[in-house]
Protein chains: 2
Amino acid sequence: MSEARIHNARMRDLVVSAEAAAALIQPGETVAMSGFTGSGYPKAVPVALAQRIETAHSAGQEFKINLLTGASTAPELDGALAKAEGLALRMPFQTDPDARKRINAGELDYIDIHLSHVAQHVWFGFYGDIDTAVVEVSSILEDGSLVPSTSVGNNKTWLDLAKKVIIEVNDWQPEDVLGMHDVYYGTALPPHRKPIPLVNANDRIGQTTLKVDPSKIVAVVHTHGPDRNSPFKAIDNDSKLIAAHLIDFLKHEVSKGRLPANLLPLQSGVGNIPNAVLAGLAESGFRGLTAFTEVIQDGMLDLLKSGVLDYASCTGFALSPEANEEFKHNIKFYRERIIMRTQEISNHPELVRRLGCIGMNGMIEADLYGNVNSTHVMGSRIMNGIGGSGDFTRNGFLSTFLSPSLAKGGDISAIVPMVSHVDHTEHDVSIIVTEQGLADLRGLAPRKRARVVIDNCAHPDFRDALNDYFERAMRDGYGRHTPHLLDESLSWHQRYIKTGSMKP
Amino acid sequence: MSEARIHNARMRDLVVSAEAAAALIQPGETVAMSGFTGSGYPKAVPVALAQRIETAHSAGQEFKINLLTGASTAPELDGALAKAEGLALRMPFQTDPDARKRINAGELDYIDIHLSHVAQHVWFGFYGDIDTAVVEVSSILEDGSLVPSTSVGNNKTWLDLAKKVIIEVNDWQPEDVLGMHDVYYGTALPPHRKPIPLVNANDRIGQTTLKVDPSKIVAVVHTHGPDRNSPFKAIDNDSKLIAAHLIDFLKHEVSKGRLPANLLPLQSGVGNIPNAVLAGLAESGFRGLTAFTEVIQDGMLDLLKSGVLDYASCTGFALSPEANEEFKHNIKFYRERIIMRTQEISNHPELVRRLGCIGMNGMIEADLYGNVNSTHVMGSRIMNGIGGSGDFTRNGFLSTFLSPSLAKGGDISAIVPMVSHVDHTEHDVSIIVTEQGLADLRGLAPRKRARVVIDNCAHPDFRDALNDYFERAMRDGYGRHTPHLLDESLSWHQRYIKTGSMKP
């Protein structure tokens, strides 16, 4: 029973049903919820709110909210509210298929911003007032402080800024997670900001709980439900090849003295390829690795367990059901090796640069000159969002982008003449890896980048066409710094839209 | 006589002619020179080197170098070496017409990177060894330490890393500049980095001189020559309107409580429009302003003199001849109000974010969704480079981009359906200003951005065509998150290339 997780008498008095809590949220509100990559999001109030919105709509009443979170959530949150047509604005990241459909249909406004910018932009007043915060915790302590569950995200900011607060106490979450978090309360608005006193990825600079003004709490709701623990796919051959290319490269950098033997703190995006890289690292011979990243997924737990990884800093989890069981079962082991921070800190440019993180992120496509599209299919349809990839790409020691060279059964090339949307500019991208090989763009002018991207990363099915484009652009383009033929540069995407294939 | 500026006996013994110094630079070397925005660059050795290269070429010998600087220099450096066809690689920024011509002809490799990345990427080993540093100073002190002249740029890094060092002592530069610099020696490579202890734009965290290992100095050269002090154009009406829109907006933000009454530290790009903004600020009623910027130009000296600006931090100057006279004449006044730093510090993401800078930069074009092109004409021809604009745009409190809505006598629209190159992504751009008005993109999803960009910033000559594109893209595009018609999105640029005008 969740009652046992509420050690503060006043908070116990505030326990209500999810429906009663959802009734406190009014149409037009800006609602800030917990949740990062499917971990630590509220499980019950959003569903009850969606039902309330559906009822209102059936009665002909308008009811939409602006929804802010840490990052992506789950069907019970984004999915339910999107299906109910209850969202006017969504920020800053999401991965839900129903929400995506509505965004791409022009029915839902979506603002896709750097995860390190979210908290400060809200503090700056760029998003107006936060009416309600809905935050999942694993327990409430006697003094009323809150023990976060499996993500911290923007919860500190939401609790600080919201006019009213709804707490979900989820007793499915491990109570022993207490002590794993590090919530930094030293942020401020300019001109009052100070250096963030973190110099190692495992430094503790904050406190283990979240503060909240008790007078703002309007409801406490019991829940008992799992995070969105999606399974990872078995590691396929392309992912293995990508991981091998990247690990070879890292070893090469160590051998040249450009990286320490235990590398620098790793940041890893979420997905099957990053998971393959983590699995590859387990067998790589590297020891004493560290991570300063957003999300811990299965492969990172394995690395901690095997002792290859000394410790990891994150703001949330993305675990398969099996890995979640392992995490809960050995939480005391992991609590000594994992620190969960606010996403303002996990992604902070100051810290990513100071620590010299090695960024490893997926992409949709890259072009000849090293521009990367992480978000848009054929320039217009959002897939997920930029998330924290820009924070690490711009500010880290190295930025690497990983993708198979082909998608859609070979109809799409991940290497294109010109990307159809730019999330990471040529100024920011160091390394591109596909199963074909690795392109090291450091110290190369655009024309030279084109050669290594084509030769090392493009799939043979598209290599001749890329060479042909580049050579003609060199001959006939308007300039030879970044040679392009603008009447052809996006023609591969146009062809895909028309024919279903980038192939001629 | 420059002799009087060399207070160290050993250094006096090393004085040679520029020709003799240039003879110490070998073909194929990576040569790192001082210079930032036409200030503080070496005046004599590059010219002598260019002559040596020309002589070698006449004799059928290969002779090219890789050239690294702080930022742009002058005809005596970039111009001379480009004309001599003496450059194989140029990094990280330049504005010289001869060099630009060769870059765009595909004859010279140019790497255009964030100015905050340069020093660390060289320290990381991404550019190999630095064979020779050529650094202008205003004097050499008795203990052998160097007093920088009118820019600091990457000089600390060049002196630390170069195998051999050539010093130019320029007695045209004011000797009283001693005390104006603040050279921070607390940087390190990851994993040994520490917080940078700067919390106000005028904090001093370093020393006033540059250190150099005396055993590395191979030559000292006397010079007596001015910086590239180019005059600014008289402020035209468009610039006045742009400045007025921006200043109105800043006042509005103060009135809403989102900015302090004395704003936050200003960063200003170089050029006639930023100069107009600075002139506008002089008459705006603002007081107690501060600047944390790369370059101080005429308008900022005026603001300091009138007491509107309390102090300014920079790494270089861009002054007209008259402003330079004023600067030299009243250098004791300015020395109390200006701090010159290394460009690693002037542009550091950690500091730009901590201080909450207000970035004000020019652009070539912006698109409907807030992507900005700062560098490429028609997607292929480099104009100058990204410089430090990305450092401030990504990390500051606000990023503003300023441009007239038209160029080339009305044949080019600065607002286009899709930019032909992206330097600042939709995730980073807050404010776009033309003489037509100001588009505030904060908190807006892409479709809403399009409306305000068209309505507020586009020139009426192009507004109907932009609306027409946007409406058809909403109807027929592949997705409605960022609606585009890929067969038309770059057609305005194609038309300009073919006909000399973006107009149909």
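1. Chain B can be laid on chain A by a turn of 180° and a shift of 0.0 Å along the axis, with an RMSD of 0.0 Å. That is the relation of a two-fold axis. The copies are superposed by least squares on the C-alpha atoms of residues with pLDDT of at least 70 in both. Glu350(B) is the residue of chain B that comes closest to the rotation axis, its C-alpha lying at 2.2 Å.

2. This is a predicted model, in which local features need pLDDT of at least 70 and side-chain atom pairs count only at pLDDT 80 or more, while totals for chains, interfaces and linings use all residues. Residues are numbered from 1 along each chain as its sequence is written, chains are lettered from A in the order in which they are written, and side-chain values use heavy atoms, with hydrogens and water left out.

3. The copies meet through the same surface, because 100% of the interface residues of chain B are also interface residues in chain A.

4. Thr400(B) belongs to strand β21 (residues 398-402) of chain B; strands are DSSP runs (E, at least two residues), numbered from the N terminus. With a relative accessible area of 0%, Thr400(B) is buried (under 20%, 1.4 Å probe, protein chains only). A polar atom of its side chain lies 2.7 Å from the backbone oxygen of Gly359(B). Residues in contact with Thr400(B) (heavy atoms within 4.5 Å), not counting those up to four places away in sequence, include Leu246(B) and Ile431(B).

5. In chain B, an open sheet of 3 strands has the order β18-β17-β24, with mixed pairing. Its edge strands, β18 (372-373) and β24 (415-416), each pair on one side only; pairing requires at least two DSSP bridges between two strands. Strand β17 (residues 365-367) runs parallel to β24(B), joined by 2 bridges, and Ala366(B) stands opposite Ile415(B).

How values were computed:
Helix = DSSP H or I, 4+ residues; strand = E, 2+ residues; numbered from the N terminus. Buried < 20%, exposed > 50% of the residue type's maximum accessible area, 1.4 Å probe, protein only. Polar contact = N/O pair within 3.5 Å; in protein donor to acceptor, adjacent residues only side chain to side chain.
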